[in-house]
Amino acid sequence: MTHTLDEQADLASAQSPVDQTVLVRRLVFAALATASIGALLVLAGFALSAGGFGLVDLVLLLLFAMTTPWLVIGFWNAAIGFVIMRFARDPSTYVVPQAGRAIPPTAIVASTAILMCVRNEPPDRTVRNLGAMMADIEAAGCAERFHVYVLSDTSMPDIASAEAAAFGDLARQWAGRLPLTYRRREANTGYKAGNIRDFLERWGDDHDLMVTLDADSYMTAAAILRMVGIVQANPTLGILQGLVVGLPSTSAFARIFQFGMRLGMRSWTIGSAWWQADCGPYWGHNAVIRIAPFWQHCAIPVLPGTGILRGHVLSHDQIEAALMRRAGYDVRVLAEEDLGWEENPPTLIEFIRRDQRWCQGTLQYVFFVGTPGLPIASRFQLLFAMLMFTGSPAWIGLLLVSTAALAAAPSPAAFIDPDYGAALLAVILVMWFAPKIATVVDVLSRSGLRRRFGGTFRFLASVTVETTFFLLLSPIMWVGHTLLLAGLPFGRAIGWIGQMRDGHSIAWSTALRQLWPQTLLGAACLAVLAVTQPAALPYVIILLAGGLVLSVPICVVTARPSLGLALARLGIGRLPEETGPPAGLTHLQLPALKAVQSTAND
C-alpha cells in the first residue's frame, strides 16, 4: 500500500481547494512577517552604520538576517495567539473547527490502536504510565474499543529481557479486559518511522485509528477519547496532534525548562494554527492518526546515496504531516493543555543529546522540501523546522565577528550607534520573549489561573528564574547545534539511542568534558572584551557569552536532585497539574506531586 514520493505526486489532486479565509490569513501572516523582517534589517543597518557601513557590518547584517525568520514568525504566532486566547469564546474551535464536531465517548465505534514506541530504556516507567492509562480507559467504560501495542526496538539484551518480563506481566494482568501486545524488532530499521511501519504491515488492517506515544508520553482517557471522537466525526481529518506539556518533575533542569515551554507553547501554537490551518504539524507522539491514509500515503523512502544525511530519516513526523496533507487529509493541532504530557530530559547533557538528534534529523528535510505536490504551507513547515537549527551558527557567528569588531573599534559607539542599538536590542528581546509574555499577561489577568500556577508571587518568581535560565541556556544550545553542523561533513553523526529519564547528579569532570567548547568560546570572547572594550561586557554577557562561561556550573547545579526537590517544594516552576492534578494523572504517583502535597500539608 506504499508509494515512492514521485509515484505519489498525482495524489495531490485529491486535495480540497484552499479555503479562502485560510488563504487570506496566510497572506496576512506572510505580509506581517516579511514587513517585520525588513524593518528589523533596516534598524540593524542603521545601528551598524555608526562609523560607516563596511564589509564587517555587511557580514554582521547577513548573519543577523539568518536569525530573523524564526524570531519574527515566533513573535507573530504569539501575538495572534494572544488575541485569540483573550477574545475568542472557544480558542480551540476557532482555529480547529473540527473540534466542535466531536463524537461523545459512548458513540465511538472506531477500533483504535495505542502505540507505545520504546528503545533501550528500563521498562519500569513505561509500565507505570501504561498501567495508569489502561486503568483510566477501563474506568471510562471504553476498553473494548482499544488495543495497546508496545513496539520495542531495543537492542540491549538485558533491557530486552526486562521488557519481555515486564510487558508480559502487564498483558496477563489485563487479559480479557484491554489487550496488550508486545513486539520487539531485532534491528531498528528506519528508526521510529520504521517501527510504526512494521506495526502497520502486521496489524494495520485490524484498526481504524492509532494513538502514537513515546516512552515518556502519557495521556488520560479523557484526552484520548476526546481526540478519537473528533477524528471519528471528521472523515477528512488525517492527523490530530495534541499540545504536549511537561509532566511534573523533581529535576531542577526539567522543572525550569518545561515551565518556560508552558509559558510559550499555547499562544505560539494557537497563533500558528490560525494560519497553518489544515497544514498543521505532527510531533511524532500524543496524536491520533487515521491509519488507512497514513499507511498508504505517508511512507518515507530511504534517502539514496552516501553521507551522514542520507539513508533512513531520523525525524519523520513533519514529513509524514506534509504527505498526509498532500493526500487530501487535514493535519490539525489542538492547543489544549490537558491532552497529553511528556517527560523532559532531567539534565543539560541529556537535553543536548536529544536536541542534537533532532537537529540531524531535521536537516534531512532539505531533501523533501521540493517533493512534488506538497502544499506551500507544508513546504514552509519543513523549512521552518530547519530554521530552528540553522540559525544557531548565525548567532555564534554574530558573537565571534562582533567581538572582533568591537575589539578593533576605538570605542563601542564607533562600532554600533547607541540609540539605534538600544532600540534594536529592545525589539529583539520583545520578539524573543513574545510567546512567554503573552501567557504571563494571560495568567496574571485570570485569578483562577494564577492560583493554579501557585499564586502570583510563586508565578512571578518562576518567571524570573526561567527568564534567566533561558538567556543562559540558549547560547549553550546554539554552540551544540553549530558543532554538530560543523561535524557532519566529517562524519560526525548522532544515532538513535535510549535516554536517561531519571534525575541524577553530574560530576564536574563530566560536565567539563561535555561542555568545554562552550566554556572556552565564552571565556575567550569575554577576555578579549575585558581588555579592549569593557563597557560592552554587560550586553555580551546577557545575550550571548554569559551562558557559555557558566555552562559547566549550570549543568552540574541543575542536575542535583536536592535542588529539584527544593524547587518543587518552594513552588518554583509550579505547573497547574501540581496544584490540582487531573484524576488520570494522580494514578502515576509522581514524586513532584508528592512533594507539593507534603508542602501543602506542612
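Is aspartate 169 buried, exposed or partly exposed? At 38% relative accessibility, aspartate 169 counts as partly exposed, because buried means under 20% relative accessible area, exposed means over 50%, and partly exposed lies in between (1.4 Å probe, protein chains only). This is a predicted model, where local features need pLDDT of at least 70, side-chain atom pairs count only at pLDDT 80 or more, and totals for chains, interfaces and linings use all residues. Residues are numbered from 1 along each chain as its sequence is written, and side-chain values use heavy atoms, with hydrogens and water left out.

Let's stay with aspartate 169 for a moment. Aspartate 169 forms a salt bridge with arginine 172, and their closest N and O atoms are 2.4 Å apart. A salt bridge here is a side-chain nitrogen of Lys or Arg within 4 Å of a carboxyl oxygen of Asp or Glu. Both residues sit in helix α5 (residues 157-173), three residues apart, about one turn of the helix. Helices (H or I, at least four residues) and strands (E, at least two) are DSSP runs, numbered from the N terminus. Arginine 172 counts as exposed, at 57% relative accessibility.

Helix α11 (residues 348-363) holds a pair of its own: glutamate 350 and arginine 353, three residues apart. Their closest N and O atoms are 2.6 Å apart in a salt bridge. Glutamate 350 is buried, with a relative accessible area of 5%, while arginine 353 is partly exposed at 29%.

Aspartate 214 forms a salt bridge with lysine 192, with 2.5 Å between the closest N and O atoms. Aspartate 214 belongs to strand β4 and lysine 192 to helix α6 (residues 191-203), 22 residues apart. In the whole structure, a search finds 23 salt bridges.

Strand β4 (residues 209-214) leads us to its partner, β1: the two pair in the parallel sense over six bridges. Strands pair if DSSP finds at least two bridges between them. Methionine 116 has leucine 213 as its bridge partner in β4, and valine 150 as its partner in β2. Strand β1 (residues 112-118) is mostly covered, with seven of its seven residues buried.

Finally, step back to the whole protein chain, which has 24 helices and 10 strands. Of its 602 residues, buried ones make up 58%. The C-alpha atoms fill a box of roughly 80 × 60 × 50 Å, taken along the principal axes.
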